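Me: I am new to this structure and would like to know what stands behind each label. Please show it and go through the terms.

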Amino acid sequence: LLLAEIVATRGAPLHVIIEELLAEVGQFHYDRRDVKTKPFNKRELVRQLVQDAPATLAGLPIIQVKQDDGVKFLLANDNWLLIRPSGTEPVLRIYAEARTPALVDSLLQAGATLAKV
């Protein structure tokens, strides 16, 4: 409903609104990898990821590390990487959003390496 309200208020088709938004903030790309791993202690893995956080990921400085739902690394230029251990199976869900598809791939690989899977 919010999206319908935005279209109605702006008086422009959705594709035009999206083009304007992308022109203002730039392109972002997203992907996710589910990586099966050996069994782990979720709390210990999160603690280790935070404690051993590097200064950079895929060549970008880490600005902040959050632990709201897994471990999220906020990087320069609004890029980010999230490593979210499953609570029910030995799987890590690794998410990334970045300015280019190549950087997304690099971040996902860095996340898998960081989690030692």
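Reply: Helices (H or I, at least four residues) and strands (E, at least two) are DSSP runs, numbered from the N terminus. Two strands pair if DSSP finds at least two bridges between them. The model is predicted, so local features need pLDDT of at least 70 and side-chain atom pairs pLDDT 80 or more, while totals for chains, interfaces and linings use all residues. Residues are numbered from 1 along each chain as its sequence is written, and side-chain values use heavy atoms, with hydrogens and water left out.

Me: How do you know that β2 and β3 pair?

Reply: Two bridges join them, and at least two are required. One of these links Thr 56 to Pro 61 in β3. The strands run antiparallel and form a hairpin with two residues between them, where Ala 58 in the turn has a positive phi of about 50°.

Me: What makes β3 and β4 a pair?

Reply: Four bridges join β3 (residues 60-66) to β4 (residues 71-75), against a requirement of at least two. Ile 62 is bridged to Leu 75, and Gln 64 to Leu 74. Their hairpin has four residues between the strands, and Gly 70 there takes a positive phi near 95°.

Me: Why are β1 and β2 said to stand at the edges of the sheet?

Reply: Six strands form an open sheet in the order β1-β6-β5-β4-β3-β2, with antiparallel pairing. β1 (29-36) and β2 (56-57) each have a single partner strand, so one side of each is left without a neighbour in the sheet.

Me: Why is the pair of Tyr 30 and Trp 80 called tilted?

Reply: Rings of Phe, Tyr and Trp (its six-membered ring) pair if their centres lie within 6.5 Å; planes under 30 degrees apart count as stacked, over 60 as edge-to-face and the rest as tilted. Here the centres are 6.4 Å apart and the planes at 50°, so the pair is tilted. Tyr 30 lies in strand β1 and Trp 80 in strand β5, 50 residues apart. By this rule the count comes to two aromatic pairs.

Me: How do the residues of the lining of the largest pocket divide?

Reply: A pocket is an open set of points on a 1 Å grid over the protein atoms alone, where a 1.4 Å probe fits, with protein on both sides within 12 Å along at least five of seven lines; lining residues have an atom within 4 Å of a point. The lining divides into eight nonpolar, three polar and three charged residues. Ala, Val, Leu, Ile, Met, Phe, Trp, Tyr, Cys and Pro count as nonpolar, Asp, Glu, Lys and Arg as charged, and the others, Gly among them, as polar. Helix α3 (residues 42-51) gives the largest share, four residues.
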